[in-house]
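Hi,

Here is the structure I promised to pass on.

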Amino acid sequence: MAASKPSYLIVGAGVFGVSTAYHLIKKYPDRQVTILDQDAYDADNRVAASWDWNKVVRADYDDIVYTELALEAQDVFTSDPLWKPYFHQTGIFWVCRSDYAQDVINNYKKLGRAADLKAVTVAEAKKLFGGLFEDANYDGAKEVLVNKTSGWSEAGNALRAVTKWSIENGVKYVVGKADSLEIDSSGTCTGVKTEDGRTLSATNVILSTGAYTAKLLEQAAKKSGNKNLRAEHRIVAGGITTGMTTLDEKSYQRFKDMPVGVQGYTAQYGPFIGSLPPTKDRELKWWGEKIFKNTHEVIPGSFISAPPSGKDYNQWDVPGPLKLDIDHANDVFYGKNGASWKMDKHRICWDAFTTSSDFIISPHAAAKGLFVATCGSFHGYKFFPVLGKYVVQMLEGELRPDHKEKWAWDRERPAPSLNPDWPRFEMKDLLDQWPKAKL
Ligand SMILES: Cc1cc2nc3c(=O)[nH]c(=O)nc-3n(C[C@H](O)[C@H](O)[C@H](O)COP(=O)(O)OP(=O)(O)OC[C@H]3O[C@@H](n4cnc5c(N)ncnc54)[C@H](O)[C@@H]3O)c2cc1C
């Protein structure tokens, strides 16, 4: 008797999960591909990091593997009718305090990729784009990278469109929250159990659960008695504050064609921070410089970082001191030009981090049939169009050796201190001057 066809259960409908479903159903239209997510794909409110007003799409990396991958993704963003309507090629303006600009330019060269990008002096940079960044902070800056081919995507809209396409082409979308994994007596993962008691089964179970991944694995380890399921040092949930202002008509006219702004720092100082051009609703966005863990007892006896357990990860409940982080971001980009802007939206966005900022796209070592595809580490969105291609390669044992090594579940990992974007704070320590919020 012929073996039955493989089936796929993808937990999590962010860019990793949806891209995987998209590539699977394109390759195997007759196979069963199911996505399980706690939120409906078209809900007004979602917890996914991938669900956002906008995200930067760029190939400006000092790591050549991600330069190559981002260029591949950007080619889809600029040409495929499914992604193209959401991509805005505004360019990027990146204040560099290291050799970052030269590394990026060299990577483009090594890959034989011609693009309108260059490094300019601070004095030249201040005059670009009508002087929008004339009053930015350039302390310690070496030069400014300007890449006219980079830009941003309407993140949530693109995610919704690609999910819808996948459903229309055969993917089943189930709303529910995975509580644990089903592991049979031979140690094979056969599916998941949801909080409301349903069991979903498949021959391949792929966790694309973003910031929740370590907590889910902790719960699964406890339920199954298999401690090796735990993420341990591999995956850490980190949060970052974002904020928005609605520009008045005069400011909108001045800023509407602005590039993405980035303030880059060294690992000793901290993460890069950014400002995204206004949406059609005239909303200009920043992300802050404080990246934090939320370490707490997720199940009795297990202390790990995970998003808050309140509704929607309490993402809209942003305490005052974290709002100040956005005021700081405004100041270092726009100085006096933005001093009177009122912030009218704040959100804490949660992502899964690894110390090297590499994704994990790998079989899980502790259970057959179980795979992990997540850990965007604050930079995963831009790869949305191609992530699933590599997840399918991983499922079929066809990943390029360097990708396999880079994205492995078990590998040597660098010290977090070398990573500027590593969550270096605890959320509770950032709230000292504020009445304690329930985290
Ligand atoms: C503030 C901020 C700004 C960023 N800016 C950029 C940028 O400009 N450019 C860029 O390229 N990247 C950016 N990133 C990174 C990028 O957003 C993430 O790396 C990427 O979106 C992660 O995708 P994901 O699919 O792993 O996780 P997510 O998008 O978080 O999706 C995980 C999904 O899993 C679901 N889920 C979790 N647990 C369960 C469960 N138990 N049961 C059912 N469903 C579950 C969630 O509901 C969610 O839908 C940013 C991240 C943040 C936080």
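This is a predicted model: local features need pLDDT of at least 70, side-chain atom pairs count only at pLDDT 80 or more; totals for chains, interfaces and linings use all residues.

Numbering starts from 1 along each chain as its sequence is written.

The ligand has 38 residues around it, with G12, G14, G210, G376 and G380 the closest (near means a C-beta atom, placed from the backbone, within 6 Å). By class, that shell holds 18 nonpolar, 13 polar and seven charged residues (Ala, Val, Leu, Ile, Met, Phe, Trp, Tyr, Cys and Pro count as nonpolar, Asp, Glu, Lys and Arg as charged, the others, Gly among them, as polar). Helix 1 (15–27) gives the largest share, three residues (helices are DSSP runs of H or I, at least four residues, and strands of E, at least two, numbered from the N terminus).

Helix 1 also meets helix 5: V15, V18, A21, Y22 and I25 touch L159, V162, T163 and S166 (contact is C-beta atoms, placed from the backbone, within 7 Å). That contact has seven nonpolar, two polar and no charged residues.

Then there's an open three-stranded sheet, order 3-8-4, with antiparallel pairing (two strands pair if DSSP finds at least two bridges between them). Strand 3 (55–57) and strand 4 (87–88) are its edges, each pairing on one side only. Strand 4 pairs with strand 8 (residues 151–153) over two bridges, and H88 stands opposite W152 in strand 8.

Cheers

Conventions: Two residues are in contact if their C-beta atoms, placed from the backbone, lie within 7 Å.
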